Amino acid sequence: MAALTRKASHYVAIAAAILALALVSSGTVFAQTPNAAPSATKPAASGTPSASDVASGAKGTAAPAGPQINGKEIVSRLNRELGIDLEATTAGWQHELDQVESALGGQHLRYSDLNQFRDELLHLRSQLDDVSGRLQPRLDADKAQMNLLGPAPAAGQPAEPEQTAAGRAELNYHFGLLSAGQGAVSAAGLRLDTLLNTVQDVRRKNFASVLLQPIPGLYAYETWAKLPQDVPLATHRLRDLVANWWNDLLDPENVERIAIGALLAALVLGFLSSRLVRRLRRQADAGTPPPFWQRASAAAGVLFFRALPVVAPVIFLYGMLAGTEALPERIDWLLYLTAQSIVIVVTVGALASAVFAPGAPQWRLVAISDQAAARLCRLVILLAAVYSLTTLLYATTRLAQAPFALTIAVALPSSLLLAGLVVALLRTPIERGEGAAPSKLVKPVRIAAWAIVAAIVVCTLTGYLPLARFLAQQLVVTGSILAVVYLLLLWVDGFAQGLSDDGTIFGAWLGRTAGLEPTRREQLGLPISLSLKFAVLILAVPLIMLQWGYSW
């Protein structure tokens with residue numbers, strides 16, 4: 001693909017050179033009608049002979065002098081209108097694209113390098129769109145003026161006034177510069193798209209080559225013999241990394257103030273959230289279970305209020321540190337991964353407790369026994385904790401530049417441990433009852449999960465650790481997304497059912513403002529439910545695709 005891109009750019013350069021030679025040889029605007037506007041890239045200077053002079057000189061015959069135009073003044077006026085130097089800007093684009101194209105032709109490009117190239121190209125795309133947006137209105141205005149002027153007098157007809165002819169020539173020249181600029185934007189855009197595709201192709205090839213490459217010496221004695229020395233070495237490097245960052249801080253007290261503010265926010269939010277959760281489930285001691293719409297609404301509130309006291313302060317802490325302090329790249333990644341791990345564990349824990357409700361069976365969203373609900377809740381939280389912790393440890397070994405044997409020592413047991421937790425989840429006995437998921441949906445999901453678990457174990461034991469980690473990550477993350485999607489669909493069902501109940505906010509509002517009876521509101525719930533479910537599924541697709549190597 002890179003070779004094709006270079007060939008395409010060479011053809012574009014040759015065509016541009018031929019066009020430039022033709023324009024230089026003419027030296028003027030050679031079209032005086034709206035249908036034959038010039039496309040000059042180098043404007044003629046003041047006093048340059050007109051197009052009619054050039055034509056008559058080429059024929060060797062005398063002809064009346066055409067209108068004189070000041071090309072430099074028109075170029076300066078156009079640059080002032082656009083707010084940029086059009087020629088220098090387009091040349092700068094080509095220079096940037098040449099640099100990216102040359103870099104993509106190299107070998108062993110890192111993931112961070114490819115991300116940088118992609119970001120540079122996307123930034124350049126925004127510049128192209130901005131300049132194109134400035135050019136197009138002026139092109140339209142010039143075309144409208146040309147239509148008002150009409151065609152130039154044909155041969156043998158009375159000549160138009162000199163002022164009109166001069167205005168027509170300047171307008172044609174101005175239009176030609178705009179057309180050339182728009183053409184340069186389009187050419188740069190096509191080349192940019194090609195380079196973006198090249199970046200994506202290289203990323204996919206690198207991704208596939210890493211996944212399908214076995215780890216050498218996985219069971220060699222040398223790999224495991226030095227682990228007692230590697231662990232203290234990695235710990236020392238990590239401690240030095242954090243200590244050096246802290247010592248280089250210009251204002252350590254600012255970091256302390258941010259941390260104290262996040263801690264106080266967590267305490268206040270925790271106190272308020274506990275009261276709100278109890279208020280949401282104030283009917284937990286009632287003899288009859290609440291309707292499904294009320295359970296679904298309460299579960300959404302419980303999820304939000306139980307996650308908020310930890311998630312909000314952690315995000316605030318990381319955001320403030322990243323925004324106010326010049327974090328080194330490795331420290332930034334370490335703080336980001338730590339915050340991500342905490343958010344995942346807390347959110348999954350809140351989600352599991354809201355759905356399975358081990359201590360409040362009448363608020364449970366799925367019809368399973370108390371024993372199964374408690375077991376599933378514990379296993380799901382443990383799975384999230386193990387996944388987050390092992391992911392953080394795996395990344396930390398790389399940030400601390402630890403020996404590769406230590407990375408293997410983290411990756412191998414973590415993959416097997418994640419697979420074992422998923423097996424425990426799959427083997428949990430579930431007593432189905434009213435409202436349980438249909439067996440037609442559960443059976444293929446279980447078969448797919450068992451197949452992925454078997455693949456993880458086989459890949460881990462045969463040395464394909466990157467592929468095993470990838471499968472484990474997809475099993476956990478993609479499975480979590482699908483679980484959230486399923487719960488959202490349940491919530492949509494509960495919301496639609498609540499429209500016919502005067503006890504809900506939306507049901508009472510429809511009855512009060514629109515005067516709809518419960519039967520009509522129940523009929524209205526069907527199209528609303530279908531629309532919301534369709535929106536949930538559409539939003540879930542890009543989230544899943546991002547986990548499988550695609551980009552926005």
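The protein chain averages a pLDDT of 78, and 79% of the residues score at least 70; pLDDT is the predictor's confidence in each residue, from 0 to 100. This is a predicted model, in which local features need pLDDT of at least 70 and side-chain atom pairs count only at pLDDT 80 or more, while totals for chains, interfaces and linings use all residues. Residues are numbered from 1 along each chain as its sequence is written, and side-chain values use heavy atoms, with hydrogens and water left out.

A contact means heavy atoms within 4.5 Å. Residues 433–438 also keep a pLDDT under 50, with seven contacts beyond four places in sequence.

## The chain as a whole

If you are looking for secondary structure, you will find 17 helices and zero strands in the protein chain. Helices (H or I, at least four residues) and strands (E, at least two) are DSSP runs, numbered from the N terminus. Of the 552 residues, 36% count as buried. Here buried means under 20% relative accessible area, exposed means over 50%, and partly exposed lies in between (1.4 Å probe, protein chains only).

The chain exposes about 31100 Å², and carbon and sulfur atoms supply 65% of that area. Accessible areas come from the Shrake-Rupley method with a 1.4 Å probe; for residues, only the protein chains shown count as cover. Among contacts between residues at least 6 apart in sequence, 75% join residues at least 24 apart.

Leucine 121 is found in helix α5 (residues 111–149). Because its relative accessibility is 1%, leucine 121 counts as buried. Not counting residues up to four places away in sequence, leucine 121 touches Leu97, Val100, Leu192, Leu195, Leu196 and Val199.

Leucine 425 lies in helix α13. With a relative accessible area of 18%, leucine 425 is buried. Leaving aside neighbours within four places in sequence, leucine 425 is in contact with Leu376, Leu379, Val380 and Leu383.

Threonine 235 sits in helix α8 (residues 227–247), and at 43% relative accessibility threonine 235 counts as partly exposed.

| Residue pair | Separation along the chain | C-alpha separation |
|---|---|---|
| Leucine 121 and glutamate 96 | 25 residues | 8.8 Å |
| Leucine 425 and leucine 383 | 42 residues | 9.4 Å |
| Threonine 235 and threonine 396 | 161 residues | 9.7 Å |
| Alanine 483 and leucine 351 | 132 residues | 10.0 Å |

## Two loop residues with positive phi

Alanine 357 has a positive phi of about 45° although it is not a glycine. You can find alanine 357 in the loop between α11 (329–356) and α12. At 1% relative accessibility, alanine 357 counts as buried.

Glutamine 401 is not a glycine either, yet its phi is positive, at about 55°. Glutamine 401 is found in the loop between α12 and α13. Is glutamine 401 buried or exposed? With a relative accessible area of 53%, glutamine 401 is exposed.

## A cavity inside the protein

How many cavities of 30 Å³ or more are there? The count comes to two. On a 1 Å grid over the protein atoms alone, a cavity is a set of points where a 1.4 Å probe fits but cannot get out, and lining residues have an atom within 4 Å of a point. Grid points are joined across faces, edges and corners, and a volume is the space filled by probe spheres set on the points.

The second largest cavity has a volume of about 50 Å³. Its lining is made of Tyr387, Thr390, Thr391, Ser414, Ser415, Leu418, Arg469, Ala472 and Gln473. Three helices, α12 (370–399), α13 (404–426) and α15 (465–498), each supply at least two residues of this lining.

By type, the lining divides into three nonpolar residues, five polar and one charged. Ala, Val, Leu, Ile, Met, Phe, Trp, Tyr, Cys and Pro count as nonpolar, Asp, Glu, Lys and Arg as charged, and the others, Gly among them, as polar.

Note on methods
1 Å grid on protein atoms, 1.4 Å probe; cavity = no way out; pocket = protein on both sides within 12 Å on 5 of 7 lines; lining within 4 Å.
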